[in-house]
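I open these notes to record what I looked up in the structure, in the order in which I looked it up.

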Amino acid sequence: MTLIQSIIVYLLAPLLGLLFWIFVAYMIFSWLIAFNIVNLKNPAMAQIYGVIRRICDPILDPIRKVIPPLGGLDMAFLVVVLGLSWIRGYVVPILYNAAG
């Protein structure tokens, strides 16, 4: 295994997986907040949600400018989650095979 393959396997793929799950957590938090299950007056919840938002919003904001919400649903989540899945399932194996 070359150095580039090691970086892809041990750094890039896990980071993409972690980013995917952070977006899923952001989506679930937004639903829980919308249905008043989670209250942001709780400092712990507000802090967790703030950290997740600081990670996700810089990625979602440019997509939200191009794709507006459709019937109250944020389509930017769908674009990002599908994009991350495609990168993890298709692009990373191609990069791995091209490096070796």
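**Entry 1: Aspartate 57**

I began with aspartate 57, which counts as buried because its relative accessibility is 12%, under the 20% limit for that class. The model I am reading is predicted. I located aspartate 57 in helix α2. I then asked which residues aspartate 57 touches, not counting residues up to four places away in sequence. I found Tyr26, Pro62 and Arg64. I also looked up the separation of aspartate 57 from phenylalanine 23: they are 34 residues apart in sequence, and their C-alpha atoms lie 9.8 Å apart in space.

**Entry 2: The overall layout**

I next turned to the protein as a whole. I counted three helices and zero strands, and along the sequence the pattern reads α-α-α. The radius of gyration is 16 Å, whereas the globule rule gives 13 Å for 100 residues; the value is well over the rule, so the protein is more spread out than a compact globule. I noted that the C-alpha atoms fill a box of roughly 50 × 30 × 20 Å along the principal axes.

I then looked up burial and surface. Of the 100 residues, 22% count as buried. The protein exposes about 6900 Å², and carbon and sulfur atoms supply 73% of that area. For contacts, I considered pairs of residues at least 6 apart in sequence; 62% of these contacts join residues at least 24 apart.

**Entry 3: Helix α1**

I checked the length of helix α1, which covers residues 3–34. Its 32 residues should span 46 Å at 1.5 Å a residue, and its end C-alpha atoms are 46 Å apart, which agrees. I also recorded a kink of about 30 degrees in α1, centred on valine 9.

Which residues of α1 are buried? I listed Gln5, Ile8, Leu16, Gly17, Phe20, Ile22, Phe23, Val24, Tyr26 and Phe29. The buried residues of α1 pack against α2 (43–66) and α3 (75–99). I kept a general point beside this list: an α-helix has 3.6 residues a turn, so residues three or four places apart point the same way.

**Entry 4: Leucine 16**

From that list I selected leucine 16, which is found in helix α1. Leucine 16 counts as buried because its relative accessibility is 12%. Leaving aside neighbours within four places in sequence, I found leucine 16 in contact with Leu84, Ile87, Arg88 and Val92. I looked up a further pair as well: leucine 16 and alanine 98 are 82 residues apart in sequence, with 19 Å between their C-alpha atoms.

**Entry 5: Helix α3**

I then examined α3, which has 25 residues. From its first C-alpha to its last, α3 reaches 34 Å, close to the 36 Å expected at 1.5 Å a residue. I recorded a bend of about 35 degrees in α3 at isoleucine 87. Isoleucine 87 is also one of the residues in contact with leucine 16.

The buried residues of α3 are Ala76, Phe77, Val80, Leu84 and Val92. What covers them includes α1 and α2. I followed leucine 84 in particular: neighbours within four places in sequence aside, leucine 84 is in contact with Leu16, Leu19, Phe20 and Phe23.

**Entry 6: The largest nonpolar core**

How many residues does the largest nonpolar core have? I found 18, and those with the most contacts inside the core are Phe23, Tyr26, Ile52, Cys56, Leu60 and Leu84. The elements that give two or more residues to this core are α1, α2 and α3. The largest share, eight residues, comes from α1. I set a general remark beside this entry: in soluble globular proteins, nonpolar side chains tend to be buried together.

**Entry 7: Asparagine 36**

Is asparagine 36 buried or exposed? Asparagine 36 is exposed, because its relative accessible area is 68% and the exposed class begins over 50%. I noted that asparagine 36 has a positive phi of about 55 degrees although it is not a glycine; this residue comes just after α1. Finally, I looked up asparagine 36 and isoleucine 94, which are 58 residues apart in sequence and 43 Å apart in space, C-alpha to C-alpha.

Technical notes
Residues are numbered from 1 along each chain as its sequence is written. This is a predicted model: local features need pLDDT of at least 70, side-chain atom pairs count only at pLDDT 80 or more; totals for chains, interfaces and linings use all residues. Side-chain values use heavy atoms; hydrogens and water are left out. Helices (H or I, at least four residues) and strands (E, at least two) are DSSP runs, numbered from the N terminus. The expected span of a helix is 1.5 Å times one less than its number of residues. The bend at a residue is the angle between axes fitted to the seven residues ending there and the seven starting there. Buried means under 20% relative accessible area, exposed over 50%, partly exposed in between (1.4 Å probe, protein chains only). Contact means heavy atoms within 4.5 Å. A nonpolar core is a set of buried Ala, Val, Leu, Ile, Met, Phe, Trp, Tyr and Cys residues joined through side-chain atoms within 4.5 Å. The radius of gyration is taken over C-alpha atoms; the globule rule is 2.2 Å times the number of residues to the power 0.38. Accessible areas come from the Shrake-Rupley method with a 1.4 Å probe; for residues, only the protein chains shown count as cover.
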